Amino acid sequence: MAERTLLTNARVLTCSGDPAERPVDGDVLIEGNRIAKVASGRLDVDAAAARVVDLHGATVLPGLGDAHTHISWPLDFVFDHGAVGAAPPGPHMLDVAAVVRTFLESGYTLIIGAGVTQPLDDLLAKDAIDRGLLPGPRIVPSGAQIAEQGGLGADGGLMEVAADARELRDIVARQCDLGVRALKLFVSGDGVVPEYPSDDVYMNDKMLHAAVEEADRHGAFITVHARGSASVAMAARTGVRIIHHACFIDDDALKELEARRDDVWVCPGLHYLHQMVSGQAEPWGVTPEQIDRSGYRDELRAQVAGLRRMKASGIRILAGGDFGHQWTHHGTYAAELQRYVELVGMTPVEAIHAATRNLGPAAGLETGEVREGFLADLLVVDGDPAADVTVLQRPGLRRAVIKDGTFAYVNPETYP
């Protein structure tokens, strides 16, 4: 018989879809690595046949997820990608181990890679976590990011570079053969590098169709860096699964997103833009003049307006935000959810859905809901995140993280 754990005297936030859901008194029974039962009030379970954990009114919700992660960036990362890429592999992987542990201890049980700085970072970390050698979340691994010849990142220092659809297909196949499952392409510029503005468009429909087809053949999927409207529209119509940033959305881009409402997700990284524009990066050398040149002030306004339009159109939003810079420090991942509430007008539960029920399907996993049959990846916190989403940012309120049916992290201050 599979091991059984009963979480009793809990407040359960199921994330089953209601944007106005509030936690209700209930119990959750776990058998093996799956949720066996979810009930209002108490479950009648033989205490001799299960481990009984009394949560004394703490809230149980699905483990959180982030769809735009760079575990290559160490805890003290600023903005020097080249230095990380050139770091000795041994010490670098210790930095990676610290990052994945930080994700787990922050309540994150699932992450989707969005590009690595050393080619095997996600794959090695996933293998070590899966074998029980490291504490960390489930990882949908990425590889080196992929640029088009002549576009942003095409110097070849940290990215792979393709000139046409055939070369792109070959790169996708090679990364997939290594085990990569989320391949990230750069199909737009980024105003932080002014010579490659955000409305630049790289690659073309033929290239993206080839990449999507090859990834699908390997059971993988394509994600893209796409900030401008034209790049977002191209990504949506060619079958890309996750569109990162989507800062500018015009009618054409929204129409393409709406046509694929059931199998495309947008991952904005709103907190990153907010922090840059509000001057939080200035202590690390990002001056107001650089922000002005980047166009990020206009980009933030446009992204907020676009997210409101996408929300109204039923486009699914994924939490994920380029965390790891000192102004978006590792461990502050749930700040992205706060921005959705403050700036986009989501309810706290809608914001939580971006990190739970929306993320499971994007990753192809039965997770993101407290639901019978789903993977037992859960977060236990004091307080009510459905009323105040910032509860999820406070380490002192984080009691425990359950992953695959077992307690993967227990707050030593809560349970000495």
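1. The largest cavity is lined by G63, L64, G65, T109, L110, A355, T356, L359, T367 and G368. A cavity here is a set of points on a 1 Å grid over the protein atoms alone where a 1.4 Å probe fits but cannot get out, and lining residues have an atom within 4 Å of a point. Strand 6 (64–69) and strand 7 (108–113) are the elements that give two or more residues to this lining; strands are DSSP runs of E, at least two residues long, numbered from the N terminus.

2. The model is predicted: local features need pLDDT of at least 70, side-chain atom pairs count only at pLDDT 80 or more, and totals for chains, interfaces and linings use all residues. Residues are numbered from 1 along each chain as its sequence is written, and side-chain values use heavy atoms, with hydrogens and water left out.

3. The lining of the largest cavity has four nonpolar residues, six polar and no charged. Gly counts as polar in this scheme.

4. The largest cavity holds about 40 Å³ of space, a volume being the space filled by probe spheres set on the grid points. The count of cavities of 30 Å³ or more is one.

5. There are zero disulfides, a disulfide being a pair of cysteine sulfur atoms within 2.5 Å. C15 is in none, and the nearest cysteine sulfur, that of C267, is 17 Å away.

How values were computed
On a 1 Å grid over the protein atoms alone, a cavity is a set of points where a 1.4 Å probe fits but cannot get out, and a pocket is an open set with protein on both sides within 12 Å along at least five of seven lines; lining residues have an atom within 4 Å of a point. Helices (H or I, at least four residues) and strands (E, at least two) are DSSP runs, numbered from the N terminus.
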